[in-house]
Amino acid sequence: WFFYLTKFVKILTKQSVIQLADKEICHYSGIMTLEKYRKEKKLTYQKLADLIGIKGVSTAGTVLRWCKGQRVPRSNWMKIIKKITNGQVTAASFYE
């Protein structure tokens, strides 16, 4: 039965890859990105910046750049992001 199970998994995997061909690779790999988290929670960039606790002139712009992968947050911000997302968004999310 192991042979049949292996064959089934291969078929299932091929179907999943075909179905996910138009989607972002992060959705397939199961990694929660900051952008995906923001969209799922229906947060604006400004609201997410407020949640994280960023202060300054362009807080929404900072979060936008993190979400779009244009910049990577420093380790102190990554720790805060991990905490406010209950571990869903980790440092690895920014390097995928």
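Me: Why is Leu 51 called partly exposed?

Reply: Leu 51 has a relative accessible area of 47%. Buried means under 20%, exposed means over 50%, and partly exposed is what lies in between (1.4 Å probe, protein chains only). The 47% of Leu 51 falls in between, so partly exposed is the label. A word on the source: this is a predicted model, where local features need pLDDT of at least 70 and side-chain atom pairs count only at pLDDT 80 or more, while totals for chains, interfaces and linings use all residues. Residues are numbered from 1 along each chain as its sequence is written, and side-chain values use heavy atoms, with hydrogens and water left out.

Me: Where is Leu 51, and what does Leu 51 touch?

Reply: Leu 51 is in helix H4. Helices are DSSP runs of H or I with at least four residues, and strands are runs of E with at least two; both are numbered from the N terminus. Leu 51 touches Leu 43 and Ile 84, leaving aside residues up to four places away in sequence. Contact here means heavy atoms within 4.5 Å. Leu 51 and Ile 84 are 33 residues apart in sequence, yet 7.5 Å apart in space, C-alpha to C-alpha.

Me: Which residues of H5 are buried, and what do they pack against?

Reply: The buried residues of H5 are Thr 59, Gly 61, Val 63, Trp 66 and Cys 67. They pack against H3, H4 and H6. Just after H5, Gly 69 takes a positive phi of about 80°.

Me: Why is the pair of Trp 66 and Trp 77 called tilted?

Reply: Start with the rule. Rings of Phe, Tyr and Trp (its six-membered ring) pair if their centres lie within 6.5 Å; planes under 30 degrees apart count as stacked, over 60 as edge-to-face and the rest as tilted. The structure holds one aromatic pair. The rings of Trp 66 and Trp 77 have their centres 6.2 Å apart and their planes at 45°, so the pair is tilted. Trp 66 lies in helix H5 and Trp 77 in helix H6, so the pair ties together parts 11 residues apart in sequence.

Me: Trp 66 and Trp 77: how do you know whether each is buried or partly exposed?

Reply: By the same cut-offs, Trp 66 at 8% counts as buried. Trp 77 has 21% and is partly exposed.

Me: What makes the contact of Arg 38 and Glu 35 a salt bridge?

Reply: A salt bridge needs a side-chain nitrogen of Lys or Arg within 4 Å of a carboxyl oxygen of Asp or Glu. The closest N and O atoms of Arg 38 and Glu 35 are 3.0 Å apart, so this pair meets the rule. Both residues lie in helix H3, three residues apart, which means about one helical turn. Arg 38 is buried at 12%, and Glu 35 is buried at 9%.

Me: What sits under the charged end of Arg 38?

Reply: The ring of Tyr 45, with the charged end 3.9 Å from the ring centre. The rule asks for NZ of Lys or CZ of Arg within 6 Å of the ring centre and within 35 degrees of the ring normal.

Me: How many salt bridges are there, and what joins them into one network?

Reply: The count comes to three. Lys 39 and Glu 35 meet at 3.8 Å, N to O. Lys 39 is exposed at 51%. Glu 35 also pairs with Lys 68, at 3.5 Å. This pair links distant parts of the chain: Glu 35 in helix H3 and Lys 68 in the loop between H5 and H6, 33 residues apart. Shared partners join Glu 35, Arg 38, Lys 39 and Lys 68 into one network.
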